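Hi,

Here's the structure I promised to pass on. Have a look, and my notes on its pockets follow below.

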Amino acid sequence: MGIATVNPSTGETVKVFEPLVAEEIDRRIGLAQQTFEQYRRLSFAQRAEWMHRAAQILIDERQHFGKIMTLEMGKPIAAAIAEVEKSASVCRYYADHAEQLLADVTIETDASHSFICYQPLGVILAVMPWNFPFWQVFRFAAPALMAGNVGILKHASNVPQSALAIEEVFLRAGFPTGAFQTLLVGASQVSQIIADDRVKAAALTGSESAGVSLASAAGAQIKKMVLELGGSDPFMVMESADLETAVATAVTARMINNGQSCIAAKRFIVQESIADAFTERLVHKYAALKLGDPMNPETDIGPLATAAILHELHEQVEACIASGAKVLIGGNPETVPTRSIVALQHGNFYPPTILTDLPIDSPSRQEEFFGPVALLFRVPDLDAAIELANSTSFGLGASAWTQNPEEQQRCMRELEAGSVFINGMVKSDPRLPFGGIKRSGYGRELGAEGIREFVNIKTVWVK
Ligand code: NAP
């Protein structure tokens, strides 16, 4: 299917969209460029006024926007509404702080006066995924627009209505036409956009393969990129942890967004002495999760976003089982209760699954599982836990549960990840930089670092 809304709960094609033709893409980039020439000169106060208005539109219409997301990619409706609220919060954060974050910085040198100033780059391309259709876009757009850049969005092909709704939010908020545009284009059209001289930089949130492809294309044009890619975050539970809280958080951290989050906890690394107790509680909580229609507020877990994702996830689970892993719960999409509900029979539902005893040489240990599947490992001590946690090619987030101050210090310093959360689940926050190392990508979004990614950090020296 090209660019279309396909309801993942039912399999029904709701609406199909024609991709833009090359001439229209060219025209839109031209509009973005023209807009930039004026927009860059506006005051922070003017941009902030529009950004606050965008936040207010999101808050006022959160139910409506939440329903669009749930329809297009299946996240439970309460989570979708919370995502709209969080998107409003990032608009407000940068509306209130951009001017201070980008203020000139005086540096004493041999000059009479030397300082750093931060200036916008121009048209920035954002290539975004479907899993947080609003949040991912707003966490790019709020800092980019507040810095004086203009944005063009290529959203994932399965969330076109979300993409169009976001463009409309910015227009209704008062931003000039051309400050933020949604281009309905397929992945194959992105190289044309990156190669365009008027496009100065790009941000991608998505898979490793998209990262390789886009970063190569941007590299060939010497254009800066921020890459937010996949992860296989460890969730480490040591003997001294508050077990009840750790187990409850483990469920949320794995199941968030029906298991389809880059920073979802994916590998549970538990100290041997508490592993039985942890496992028993985890299985019990998994068994109680309600799978079903994501529009129903009672539902804990909706469908996976597309049939292809379900297929791929199940192949990974089968490969684990074939290599010797043991299934503690789930593992078979044929057995989900939604199969007996006529309206949901063709939905992409996957049961909450826990796999353990994965052999040391299983290739699955290196993979990201993008769905409600937890991998459970037992380790004798912290050394083994840290070694296992760091043993993947990813380095996005890590969560470590221990009350022991020395263990906490070691986790903070020794875990190879863009963020480490002690006694809490990994999450993003407008005030804190977010991003990864290793094959999870490079660059940062959010915080002061995020707004300084797409600016010219200019040194000025005056004698
Ligand atoms: P994806 O297939 O890479 O798609 C992401 C975006 O990239 C979509 O807009 C897609 O367009 C586009 N795209 C894919 N291949 C491309 C190519 N060769 N050239 C240009 N554009 C291309 O990723 P996904 O499956 O939607 O998202 C899940 C992945 O994103 C997971 O790995 C997850 O961990 C990662 N993610 C990372 C973060 C983070 O902050 N680090 C956050 C969320 C998700 P089409 O839809 O048209 O193919």
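The largest pocket has 50 lining residues, with Pro129, Trp130, Gly206, Ser207 and Ile309 nearest its centre. Strand S1 (3-6), helix H7 (190-195), strand S8 (199-205), helix H8 (208-220) and helix H11 (307-322) are the elements giving two or more residues to that lining. Its volume comes to about 1,300 Å³.

Before you dig in: this is a predicted model, where local features need pLDDT of at least 70, side-chain atom pairs count only at pLDDT 80 or more, and totals for chains, interfaces and linings use all residues. Numbering runs from 1 along each chain as its sequence is written, and side-chain values use heavy atoms, leaving out hydrogens and water.

On terms, a pocket is an open set of points on a 1 Å grid over the protein atoms alone, where a 1.4 Å probe fits, with protein on both sides within 12 Å along at least five of seven lines; lining residues have an atom within 4 Å of a point. Volume is the space filled by probe spheres set on the points, which are joined across faces, edges and corners. Helices (H or I, at least four residues) and strands (E, at least two) are DSSP runs numbered from the N terminus.

The second largest pocket is about 600 Å³. Of its 34 lining residues, Ala79, Phe132, Ile256, Asn257 and Met425 sit closest to the centre. Helices H4 (77-101), H5 (135-146) and H9 (243-255) each supply at least two residues there, and H4 gives the most, with six.

Cheers
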